[in-house]
Amino acid sequence: MDSSLKENDSYAIGVSGLKLGKHTFDWEVNTALLNAYGVDHLRDVAIECTLDLEKKERLMQLDFELKGDVVTDCDRCGLPMTLTLDLENRLVVRFAEESDFSDDEVVFLAELESKLDVGQFIYEFIMTGLPTRLVHPEGECDPEVESFLAEAPSEEGQGDEEKEEKIDPRWEALKKLRTKD
Ligand SMILES: [Zn+2]
């Protein structure tokens, strides 16, 4: 865990040393950041993160821009798929007596804290920026699986539990072959 913690620490901004006004930060976000938060279904993460920060007397406005690719396995056919992200997120940090990061858009940073670690926010922006279903666009799945799914008898009228248990043995064999390579 030590290496991922160190990786995470590199997203820390020395807040107390920042002058009032605008500052820009850049990071190359890689898989290690997501791994540090327990994410293991995304790989080959290559995301450019640019942060435009404006420090004012009582608050800071942080505008994050995240652009790049992540690779995952399609939930439908199991083949790798690349997801391209192009996200913009704003975060407002208010200086307060105590730190409180429980809000999504406004966080409170204790005036005594000299550092703000934005790694957690970058991780959250990436996760919320991903589509809910990680599947290829319609018609772009592995053709072998597409034709299998097209031939499969309709499952309508059955309970979800029953559906999950009833896996065609040919499909299972195919999935096993996939995981080998
Ligand atoms: Zn697919």
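**Sheet, helix and core in a predicted model**

D44 is located in strand 3, where strands (E, at least two residues) and helices (H or I, at least four residues) are DSSP runs numbered from the N terminus. The structure is a predicted model, in which local features need pLDDT of at least 70 and side-chain atom pairs count only at pLDDT 80 or more, while totals for chains, interfaces and linings use all residues. Residue numbers start from 1 along each chain as its sequence is written. The phi angle of D44 is near 50 degrees, a positive value in a residue other than glycine. Most residues other than glycine have a negative phi. D44 counts as partly exposed because 13 other C-beta atoms lie within 10 Å; the class covers residues between buried (20 or more other C-beta atoms within 10 Å) and exposed (12 or fewer), with C-beta atoms placed from the backbone.

The protein chain contains six helices and seven strands. Along the sequence these follow the pattern α-β-β-α-β-β-β-β-β-α-α-α-α. Of its 181 residues, 14% are buried. Among contacts (C-beta atoms, placed from the backbone, within 7 Å) with a separation of 6 or more, 59% come from residues 24 or more positions apart.

Five strands form an open sheet in the order 2-3-4-5-6, with mixed pairing; two strands pair if DSSP finds at least two bridges between them. Strand 2 (21–30) and strand 6 (106–110) are the edge strands, each pairing on one side only. On average, neighbouring strands of this sheet are turned by 20 degrees against each other, direction ignored; axes are lines fitted to C-alpha atoms, for helices over the stretch in contact, and angles run from 0 to 180 degrees between N-to-C directions. Strand 2 and strand 3 run antiparallel and are joined by ten bridges, and N30 has A46 in strand 3 as its bridge partner. Strand 2 lies largely in the open, because the number of buried residues among its ten is one. Strand 4 and strand 5 are also paired in the antiparallel sense, over 15 bridges, and K67 has D86 in strand 5 as its bridge partner.

Helix 3 packs on the sheet, where it touches strand 2, strand 3, strand 4 and strand 5, and its direction makes about 135 degrees with that of strand 5. The buried residues of helix 3 include F121, I122, F125 and I126. Seen down the helix axis, the buried residues fall within an arc of 135 degrees (taken over the directions from the axis to the C-beta atoms), so they line one face of helix 3. Strand 2, helix 2, strand 3, strand 4 and strand 5 are the elements against which these buried residues pack. On the face turned away from the buried side, helix 3 carries the exposed residues M127 and T128.

The largest nonpolar core has 25 residues, of which C49, L62, F64, V118 and I122 touch the most other members. Such a core is a set of buried Ala, Val, Leu, Ile, Met, Phe, Trp, Tyr and Cys residues joined through C-beta atoms within 7 Å. At least two of its residues are supplied by each of helix 2 (31–36), strand 3 (43–55), strand 4 (59–73), strand 5 (80–96) and helix 3 (119–129). Neighbours within four places in sequence aside, I122 is in contact with Y11, V29, L33, C49 and F64.

Y11 also has its C-alpha atom 5.5 Å from that of D117, although the two are 106 residues apart along the chain. D117 belongs to strand 7 (residues 115–117) and is partly exposed because 15 other C-beta atoms lie within 10 Å.

C74 is found in the loop between strand 4 and strand 5. With 17 C-beta neighbours inside 10 Å, C74 is partly exposed. Beyond four places in sequence, its contacts are L79, M81, L134, V135, H136 and C141. C74 and D142 are 68 residues apart in sequence, with a C-alpha to C-alpha distance of 9.6 Å.

The mean pLDDT (the predictor's confidence in each residue, from 0 to 100) of the protein chain is 84, and 79% of its residues reach 70 or more. Over residues 1–8 pLDDT stays under 50, and the model has eleven contacts beyond four places in sequence for this stretch. Residues 161–165 are also below 50, with two contacts in the model beyond near neighbours in sequence. Where pLDDT is low, the predicted coordinates should not be read in detail.
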